[in-house]
Amino acid sequence: MSNAVCDLFGIRYPLVMGGITPKPELGIVVSNAGGLGCIEGVMPADGLREAIQEFRSKSDKPFSINFPLAMGSPEMTAEKAKVCVEEQVPVVITSAGNPKILTAQLKEGGVTVGHVVASTYHARKAADAGVDCLIAEPTESGGYRGEQEIAMMVLIPAVRRALPDIPLVACGTVADRAGIVAVMALGADGVQLGTRLMVTKEAAASYGDHVAKLVLAADDTSTMSAEGRIRPRISKPAFAEEVLGTSSKRTQMGQVAALIDEVVSVEDVFRELFEGGPELAREVIAKFDEIAQTAPVS
Ligand SMILES: Cc1cc2nc3c(=O)[nH]c(=O)nc-3n(C[C@H](O)[C@H](O)[C@H](O)COP(=O)(O)O)c2cc1C
């Protein structure tokens, strides 16, 4: 038995870090722990090459570069894709744009390509473009969710039904064992995390203090969609005002912030998901067994 996402990326656990920081430090920790660390490739080509080399000096494990395609000029993005091929980056994950833009160039250069989608329509387009993996991002998540607002409970089974054989990562809305068990039950092969990883001990140096403060204080009403085409989910201004005393600072974060009330280590996150997950799954099976054994009410 093997896991499609682990096999594709050559990793131990099907945990993919989202493009949440251009600094390589957090990704190095995630990759060294057995997941797929990430560098958000929003800097110029030279800076990207340096970040890749920095990553490699501290980890020999697979990692990804993330390109949000709506940001930066197409020429700059193509130049950065060339850097990924030259540096033999194992994985590129594209988001917020047309998967046809880079997929062929990257795959011809030997790079494995994943693409973030927020609907079945876009999942089909990405599969037609030849991507190796889909990262399905629902409306609850902290990422670029487009305009469709499709919830995780529908997005994952719908994409799975449309494309039964492609490795499928459920993106966001997961911070604990219940989250991973739920998305696996829906049909995902793995998870991509953003908000949970942002509030870890190892992430502290990559973000301003306000990020952890907002995530830790959040409840299920604390986020909203930003305006515009890619519509990231962000902290509400009134909530930021209440927590920080100012609404001028905000952070991109998922609804799952409501479930995060502690700064833990990256290792703790892996333990919660990959030891806690199977434990919870067994409890779920036990609940069904109890139902099966209960005599019907006559
Ligand atoms: C601060 C922040 C910055 C992000 N920047 C990007 C980005 O540049 N590119 C991208 O594809 N996704 C980006 N995302 C989305 C994440 O990669 C990830 O898909 C998302 O956070 C998962 O949802 P979750 O936060 O509910 O775990 C960002 C998310 C956050 C929280």
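**Overall fold, ligand shell and selected residues**

The protein chain contains 13 helices and ten strands, where helices (H or I, at least four residues) and strands (E, at least two) are DSSP runs numbered from the N terminus. The model is predicted: local features need pLDDT of at least 70, side-chain atom pairs count only at pLDDT 80 or more, and totals for chains, interfaces and linings use all residues. Residues are numbered from 1 along each chain as its sequence is written.

The C-alpha trace of the protein chain spans about 70 × 50 × 35 Å along its principal axes. The radius of gyration of the protein chain is 19 Å, which agrees with the value near 19 Å for a compact globule of 298 residues; this radius is taken over C-alpha atoms, and the globule rule is 2.2 Å times the number of residues to the power 0.38. Of the 298 residues, 47% are buried. A residue is termed buried if 20 or more other C-beta atoms lie within 10 Å of its own, exposed if 12 or fewer, and partly exposed in between, with C-beta atoms placed from the backbone. Among contacts between residues at least 6 apart in sequence, 63% join residues at least 24 apart, a contact being two residues whose C-beta atoms, placed from the backbone, lie within 7 Å.

The shell around the ligand has 26 residues, of which Gly18, Gly142, Gly172, Gly194 and Gly254 come nearest. A residue is near a molecule if its C-beta atom, placed from the backbone, lies within 6 Å of it. The elements β3 (63-68), β8 (190-193) and α9 (195-198) each supply at least two residues of the shell, and the largest share, three residues, comes from α9. By class, the shell has nine nonpolar, 14 polar and three charged residues; Ala, Val, Leu, Ile, Met, Phe, Trp, Tyr, Cys and Pro count as nonpolar, Asp, Glu, Lys and Arg as charged, and the others, Gly among them, as polar.

In soluble globular proteins, nonpolar side chains tend to be buried together. The largest nonpolar core here has 81 residues, and Val92, Leu134, Ala136, Val169, Ala170, Val191 and Leu197 touch the most other members. Such a core is a set of buried Ala, Val, Leu, Ile, Met, Phe, Trp, Tyr and Cys residues joined through C-beta atoms within 7 Å. Not counting residues up to four places away in sequence, Val191 touches Pro14, Leu15, Val16, Val169, Ala170, Val174, Ile180 and Val183.

Helix α10 (residues 209-217) has Val211, Leu214 and Val215 as its buried residues. They lie on the same side of α10, because they cover an arc of only 95 degrees around the axis, the arc being that of the directions from the helix axis to the C-beta atoms. The buried residues of α10 pack against α9, β10 (233-235) and α11 (237-244).

Two residues other than glycine have a positive phi. Glu149, with phi near 55 degrees, is in the loop between β6 (133-136) and α7 (152-162); Glu149 is partly exposed because 13 C-beta neighbours lie inside 10 Å. Arg231, with phi of about 45 degrees, is in the loop between β9 (223-225) and β10. Arg231 is buried, with 20 other C-beta atoms within 10 Å.

Ser248 lies in the loop between α11 and α12 (266-274) and is exposed, with 9 other C-beta atoms within 10 Å.
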